[in-house]
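The following exercises are to be worked with the sequence and the coordinates at hand. Each task is followed by a stepwise solution.

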Amino acid sequence: MLIDLSLPITPKLLEQAQQNNRLAFSGHLGTHFDLRGQEFPLIFTQRKGIIFDVRQVTDRDITCDDISTEQISPGMFVAFCSGYISREPYGSKAYFSNHPQLSQELIDRLLSLQVSIIGIDFAGIRRGPEHTPADQRCAEKGTYIVENLCCLEDLLPYGPFFTAHTYPLNYKEVTGVPCRVVAEIVDPPLFVHKNQ
């Protein structure tokens with residue numbers, strides 16, 4: 001089974017995003033990578049993925065205590081389902097300024113575990129002036145950030161593991177590259193409650 005985790009872009013969404021985020025003009029639109037001077041390795045297009053449900057975390061950073069880091073192995077696509085993109089529409093001013101963020105300690109832990117990709121359903125692993133330095137630090141360590149994923153809730157009923165297929169567009173000399181991310185569920189459960 002395949003689940004598209006990429007945010008659909010409509011003309012209305014494009015216009016709203018460009019009004020509230022100047023970077024939307026330069027590759028930082030919808031589901032995208034922040035490359036920060038690096039080049040995405042093609043071997044990363046297929047990675048073992050793990051998803052963490054952090055929807056219960058509000059009004060504070062997401063920390064190491066909120067996830068099971070022992071389940072993470074080098075090279076993984078690590079996804080964080082905060083539910084934020086479902087609560088606050090992509091493109092709004094609040095979406096870009098008030099989103100959740102990962103603690104510095106958690107970012108350090110993910111980098112020490114040598115994950116390939118950090119996937120989030122919000123606008124950045126850090127907010128405001130800390131956004132770009134955090135992306136840069138990750139890129140220099142060979143870890144790429146995929147922002148603005150959607151439908152991560154659809155993955156949760158199937159357990160934490162999946163296969164992540166990630167294909168960025170072939171942009172050059174830019175800091176942001178739109179991409180398509182599709183989750184492959186190899187062994188779905190026999191029954192999933194329709195309300196999950």
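**Exercise 1.** Which polar atom of the side chain of S6 or which backbone atom of V181 is involved when the two residues approach each other, and what is the distance?

Solution. The model is a predicted one, in which local features need pLDDT of at least 70 and side-chain atom pairs count only at pLDDT 80 or more, while totals for chains, interfaces and linings use all residues. Residues are numbered from 1 along each chain as its sequence is written, and side-chain values use heavy atoms, with hydrogens and water left out.

Step 1. A polar atom of the S6 side chain lies 2.7 Å from the backbone nitrogen of V181.

Step 2. S6 belongs to the loop between β1 (2-4) and α1 (11-20); helices (H or I, at least four residues) and strands (E, at least two) are DSSP runs, numbered from the N terminus.

Step 3. With a relative accessibility of 9%, S6 counts as buried (buried means under 20% relative accessible area, exposed over 50%, partly exposed in between, with a 1.4 Å probe and protein chains only).

Step 4. Leaving aside residues up to four places away in sequence, S6 touches T31, C150, C179, R180 and V181, where contact means heavy atoms within 4.5 Å.

**Exercise 2.** State how many salt bridges the structure holds, and describe the exposure of the partners in selected pairs.

Solution. Step 1. There are six salt bridges in the structure, each being a side-chain nitrogen of Lys or Arg within 4 Å of a carboxyl oxygen of Asp or Glu.

Step 1. R137 and D108 meet through their side chains at 2.5 Å, N to O. R137 lies in helix α5 (residues 131-140) and D108 in helix α4 (residues 104-112), so this pair ties together parts that are 29 residues apart in sequence. R137 is partly exposed at 27%, and D108 is partly exposed at 39%.

Step 2. In the salt bridge of R60 with D66, the closest N and O atoms are 2.9 Å apart. R60 is partly exposed at 44% relative accessibility, whereas D66 is buried at 17%.

Step 3. R55 and D53 form a salt bridge at 2.8 Å, N to O. The relative accessible area of R55 is 39%, which is partly exposed; D53 is likewise partly exposed, at 31%.

Step 4. D61, R126 and E130 are linked in a network of salt bridges.

Notes
A polar contact is a pair of N or O atoms within 3.5 Å; within protein, one must be able to donate a hydrogen and the other to accept it, and residues adjacent in sequence count only if both atoms are side-chain atoms.
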